[in-house]
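Here is a short report on one protein structure.

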Amino acid sequence: MNTKSSLIPVLDLSPEIERLWPQLNEAIQRVLKSGQFIMGPDVKLFEEEVAQYLAVKHAIAVNSGTDALVIGLRSLGIGPGDEVITTPFTFFATAESISAIGAKPVFVDIDETTFNIDPLKIEAAITPKTKAILPVHLYGRPCRMDHITAIAREHRLRVVEDCAQSFGARFKGQQTGTIGDVGAYSFFPSKNLGGFGDGGLIVTNDDATAKMARMLRVHGAVKKYHNEILGYNSRLDTLQAALLRVKLPHIDAQNTGRLNAAIRYNQLLQHPKILPPEVIEGHVFHQYTIRILQGDRNLLQKHLAELGIGSMIYYPIPQDRLPIYKDQYPPNPLSDVLTTQVISLPIWPEITEDIQKRVCEAILAFLHS
């Protein structure tokens, strides 16, 4: 029987929290003593610091990654009757944000090597109603943004980058989220830059887009009590901003830890039935996701669980196959296949080689059986 100490979680946040505890505790005490819990000074300071890190003109903190997408889309003037091209292979918040503003998500199949939207299939999906492309940098791997932005320019489309899983990732040296018109980030606790609750961020280099986003996050008002449009109550808590300020200076080191873990996994997982992810420059490995070929992925996950090893399936159902959209779209064959093959293994910046060996030995033993 497994003891609690022998369990391997899919994510362990405790090493980072323990290392940063004095600074985190100081930030908590400072905010509590200030009494400024909504839009306090730490929010503005975090926005300035994160904008500097990302090398972008405007950073607008909001209360979730989902709201970052919703407000980001609306800030570009996208709304009812418009179409937005995106990927079927990601979390529902991506398509949900499009539908929530009255637009229609249009799903384009993925590249099986990257798990991201296939740029070569985008143009065929463009119609007179298309207003934007919404790529997702899934698992922390940057999309092929050069191809996507070239298509957008040719067809006069906007680009909203879903960076929920890619904070700190770079495409050809440029931060994801700063390549398109708008970048949307999540600070959900499990993210590479994770908070201690929900949180999100919108970034842009366009002044008008930033002004609209700031209005929308506070009930559609520039001046308090002078509401001009219907907006949202979507503000990042001061406490979350203060804690994220503590973690932000360490993000590159944390992402390097994840990259090193991915390299070790690739060395350890040598098997014809395993297709590991590519290790490329700029990938921050929010998840380390392999494909199980010619095998039963679900039985493998059950086997790992019996050994006390955590794993996750991201994502078991493509967005276009979810009940809300079912039977409304043509099939996306690669997305449909990969949902039956993918499994994400334990990964965090401080994961040890011994833990990774235990995970890999369990997988290889199962596949050899």
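This is a predicted model: local features need pLDDT of at least 70, side-chain atom pairs count only at pLDDT 80 or more; totals for chains, interfaces and linings use all residues.

**Helix H3**

Helix H3 spans residues 65-75. Nine of its eleven residues are buried, so H3 is largely enclosed by the rest of the structure. The buried ones are Gly 65, Asp 67, Ala 68, Leu 69, Val 70, Ile 71, Gly 72, Leu 73 and Ser 75. After H3 comes Gly 77, with a positive phi near 85°.

**The nonpolar cores**

The largest nonpolar core has 32 residues. Six of them touch the most other members: Leu 73, Ile 78, Val 84, Phe 89, Leu 134 and Ile 202. Several elements give two or more residues to this core: strand S1 (58-62), H3, strand S4 (130-134), strand S8 (182-186) and helix H6 (207-217). H3 gives the most, with five residues.

Take Leu 134 as an example. Leaving aside neighbours within four places in sequence, Leu 134 is in contact with Leu 69 and Leu 73, among others. Its contacts also include Val 84, Ile 85, Thr 86 and Thr 87. Thr 94, Ser 97, Ile 98, Val 160 and Asp 162 complete the list.

Another core, of 26 residues, lies apart from the largest one. Among its members are Ile 309, Ile 347, Val 359 and Phe 366.

**Helices H8 and H11**

Helix H8 covers residues 251-268, and helix H11 covers residues 353-368. Their axes come within 10 Å and cross at roughly 35°. The crossing is right-handed. From H8, the residues that meet H11 are Ala 261, Arg 264, Tyr 265 and Leu 268. On the H11 side they are Glu 353, Gln 356, Lys 357, Val 359, Cys 360 and Leu 364. By class, this contact has six nonpolar, one polar and three charged residues.

**Cysteines**

How many disulfides does a search of the whole structure find? The search finds zero. Cys 163 is in no disulfide. The nearest cysteine sulfur is that of Cys 143, 8.8 Å away. A disulfide calls for sulfur atoms within 2.5 Å. Two cysteines have these accessibility values:

| Cysteine | Relative accessible area | Class |
|---|---|---|
| Cys 163 | 1% | buried |
| Cys 360 | 2% | buried |

Both values fall under the 20% cut-off for buried residues.

Definitions and conventions
Residues are numbered from 1 along each chain as its sequence is written. Side-chain values use heavy atoms; hydrogens and water are left out. Buried means under 20% relative accessible area, exposed over 50%, partly exposed in between (1.4 Å probe, protein chains only). Helices (H or I, at least four residues) and strands (E, at least two) are DSSP runs, numbered from the N terminus. Axes are lines fitted to C-alpha atoms, for helices over the stretch in contact, and angles run from 0 to 180 degrees between N-to-C directions. A crossing is left-handed if the near helix is turned anticlockwise from the far one by less than a right angle, and right-handed if clockwise. Contact means heavy atoms within 4.5 Å. Ala, Val, Leu, Ile, Met, Phe, Trp, Tyr, Cys and Pro count as nonpolar, Asp, Glu, Lys and Arg as charged, and the others, Gly among them, as polar. A nonpolar core is a set of buried Ala, Val, Leu, Ile, Met, Phe, Trp, Tyr and Cys residues joined through side-chain atoms within 4.5 Å.
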